[in-house]
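Look over the sequence and the structure below. The questions after them are answered step by step.

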Amino acid sequence: MAHWLMKSEPDEYGWDDLVRDGRTEWTGVRNHAAAKNLRAMTCGDRAFFYHSACAVPAIAGIMEVSREWRADGEDGKWASVEVNPVAPLPRAVPLKKLKEEAALRDMATLKQGRLSVSPVSEAEWTHICALAAMGDAKEQT
DNA sequence: GCCAACGTTGGC
DNA sequence: GCCAACGTTGGC
């Protein structure tokens, strides 16, 4: 099972919208590298829902790929997948935090900021989940 | 096939 | 709103 990070502008479609809808078709990706990543997804893969182009860019939640890719658009070049929400992060992890972490230095989304769908390694995934939980604990002390 | 011009994404 | 990064388009 692979892990991913998928970006959406919260003004357009945010984490709360996905929770409200229960599931959604992740359409509109018009970048070849991102489309390739969509086609590589399999059912059950987990992905971070990332809020981009907003006041505080951050990872907001975890979702699951619930149907593998299908064609998006007429020309056959693009793909979409269906996702559903799994859980919000206990505490959102902002981009600023991601950039501060040495362990995340090689993250695809940090290396290529404009890539809207990117892979996340096992180590990166685990690290970010720990950050999300740690932020929560810190708040309580 | 190269490259300049232009458009889009996304951080700040 | 600006700008950097990067992708796409079109002239040659």
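Q: Which residues do ring pairs link into a cluster?
A: This is a predicted model, in which local features need pLDDT of at least 70, side-chain atom pairs count only at pLDDT 80 or more, and totals for chains, interfaces and linings use all residues. Residues are numbered from 1 along each chain as its sequence is written, chains are lettered from A and ligands numbered from 1 in the order in which they are written, and side-chain values use heavy atoms, with hydrogens and water left out. Rings of Phe, Tyr and Trp (its six-membered ring) pair if their centres lie within 6.5 Å; planes under 30 degrees apart count as stacked, over 60 as edge-to-face and the rest as tilted. The cluster linked by ring pairs consists of W15, W26 and F49.

Q: How many aromatic pairs does the structure hold, and what kind is the pair of W15 and F49?
A: The structure holds three aromatic pairs. The ring centres of W15 and F49 are 5.9 Å apart and the planes stand at 80°, so this pair is edge-to-face.

Q: Is W15 buried or exposed?
A: Buried means under 20% relative accessible area, exposed over 50%, and partly exposed in between (1.4 Å probe, protein chains only). The relative accessible area of W15 is 7%, so W15 is buried.

Q: What is the order of the strands in the open sheet?
A: Strands (E, at least two residues) and helices (H or I, at least four) are DSSP runs, numbered from the N terminus. Two strands pair if DSSP finds at least two bridges between them. The open sheet has six strands with mixed pairing, in the order β2-β5-β4-β3-β1-β6.

Q: Which strands stand at the edges of the sheet?
A: A strand with a single partner has one side left without a neighbour in the sheet, so such a strand stands at an edge. The edge strands are β2 and β6 (117–120).

Q: How many bridges join β4 to β5?
A: Strands of a sheet pair through backbone hydrogen bonds, either parallel or antiparallel. Strand β4 (residues 58–71) and β5 run antiparallel. One residue facing β5 is V65, which stands opposite V83. The number of bridges joining β4 to β5 is 10.

Q: How far from a phosphate oxygen of DNA strand B is an N or O atom in the side chain of K99?
A: A polar contact is a pair of N or O atoms within 3.5 Å; within protein, one must be able to donate a hydrogen and the other to accept it, and residues adjacent in sequence count only if both atoms are side-chain atoms. For Y50, a polar side-chain atom lies 2.6 Å from a phosphate oxygen of DNA strand B. For K99, the distance is 2.4 Å.
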